[in-house]
Amino acid sequence: DPRHFAHGLTPRETLLFGSLMLEAGVSPEEAVSRYLALSYGYTTDGTGKDKHCAVLSPEDEEFNECDAWLKESCQQQGEAAKHIRLVSGSDDFVVFERKVGEMVHRFRSKFVPSESDPSVKIPQQYTEIQAPAHFDKGLIFPLNKDLGEAGCMFQSEIVMCNFMSDPSCELSSYMSGQKRIVELGCGTGLLGIVIAQMGQRVVLTDMPHVLAQVEDNVRVNLEGEAAGRVEVSALTWGDEAHHKKQGTFDLVLCSDLVYKEETKEPLVSTLRAITRPDSLIAMAFERRRKAVEDSFMGLCAEHFDVEQLEIPYQEDNGVLVFLMRPKK
């Protein structure tokens, strides 16, 4: 169905996953819709037209149903895994690939032996980021559904990585010298890992229950001096004790943090607490919930001078990027 190709599924993978789900007796439309809902947060509104929503959280009933459906289909006497190999030629294959500036974003899926029954293979999904101009090997980030949004890769992170390496952008000036850089709500840690790989020190922060994932991703993707440039630390927005512990920073990076109305005031409180008059904040997010995003940016405008950055290449996910400075 051509509608789904625009969202990242290639014709081959649409056929592959459609065929996989047909083994469980569903229509191709339902098969692809369920796969999109599982992997990317797409759902259908009943008319056959897709709507783009936030990645579904583990608590969401549809997310759990889709996840269970895919795993069950793949465990049927190993037939689904054999079918995947027959169609794709591999146990590890690219579901979709897109170029974002200088970086290549691949979402991959591989079949690995089940812990309960090694003779049965189950799907394991992960993101691969390649940027030959900046690092030799691809960066690997497993999809962690247990963490909801924090376990997923978002395109705004990749857009921000491009700005950090673009000499024409002010952000790249922070990649040299003794600058204190922090990322709030770092999730997978991609942005900070790229910054460390490119030679600068960075503090990666998130809520305490996310830090194990960040540390794992740093360990997998960085070695030697690059790994030593990363500090992983808890920072809960609005927590004064965390603010005092962290101090202030020259550059504060925020990627896809604007999706809940109830978090806007704690986040702005943290932004004010960890910045100085000469600090810079870079804020990026995909357009999903206009009312929430506009409300958040309106609150930011009360405390910061805001300018929007133009993305110098075609970006198909509606990412917006803003630079913000504390008002004098």
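**Cores, confidence and a buried glutamate**

In this predicted model, the largest nonpolar core comprises 46 residues, and Leu171, Leu190, Leu253 and Val321 have the most contacts inside it. Several secondary-structure elements each contribute at least two residues to this core: the helices are H6 (155-164), H7 (190-197) and H8 (211-221), while the strands are S6 (139-142), S8 (202-206), S10 (249-255), S11 (275-286) and S13 (319-326). Apart from this core lies another, of 25 residues, including Val203, Val258, Leu267 and Cys300. In soluble globular proteins, nonpolar side chains tend to be buried together.

With neighbours within four places in sequence left aside, leucine 190 is in contact with Ile129, Leu139, Phe141, Met153, Glu157, Ile158 and Cys161.

Attention may now turn to a glutamate. Glutamate 128 belongs to strand S5, which covers residues 121-130. Glutamate 128 counts as buried because its relative accessibility is 11%, under the 20% limit. Its side chain is joined to that of glutamine 130 by a polar contact of 3.0 Å. Beyond four places in sequence, glutamate 128 is in contact with Val104, His105, Arg106, Arg108, Gly138, Leu139 and Ile140.

The average pLDDT of the protein is 78, and 71% of the residues score at least 70. Across residues 37-60 the pLDDT falls below 50, although this stretch has 59 contacts in the model beyond near neighbours in sequence. Residues 74-80 likewise have a pLDDT below 50, with 14 such contacts. Where pLDDT is low, the predicted coordinates should not be read in detail.

Key
Residues numbered from 1 in each chain as written. Predicted model: local features only at pLDDT ≥ 70, side-chain atom pairs only at ≥ 80, totals over all residues. Heavy atoms only, no water. Core = buried A, V, L, I, M, F, W, Y, C linked by side-chain atoms within 4.5 Å. Buried < 20%, exposed > 50% of the residue type's maximum accessible area, 1.4 Å probe, protein only. Helix = DSSP H or I, 4+ residues; strand = E, 2+ residues; numbered from the N terminus. Contact = heavy atoms within 4.5 Å. pLDDT = per-residue confidence, 0-100. Polar contact = N/O pair within 3.5 Å; in protein donor to acceptor, adjacent residues only side chain to side chain.
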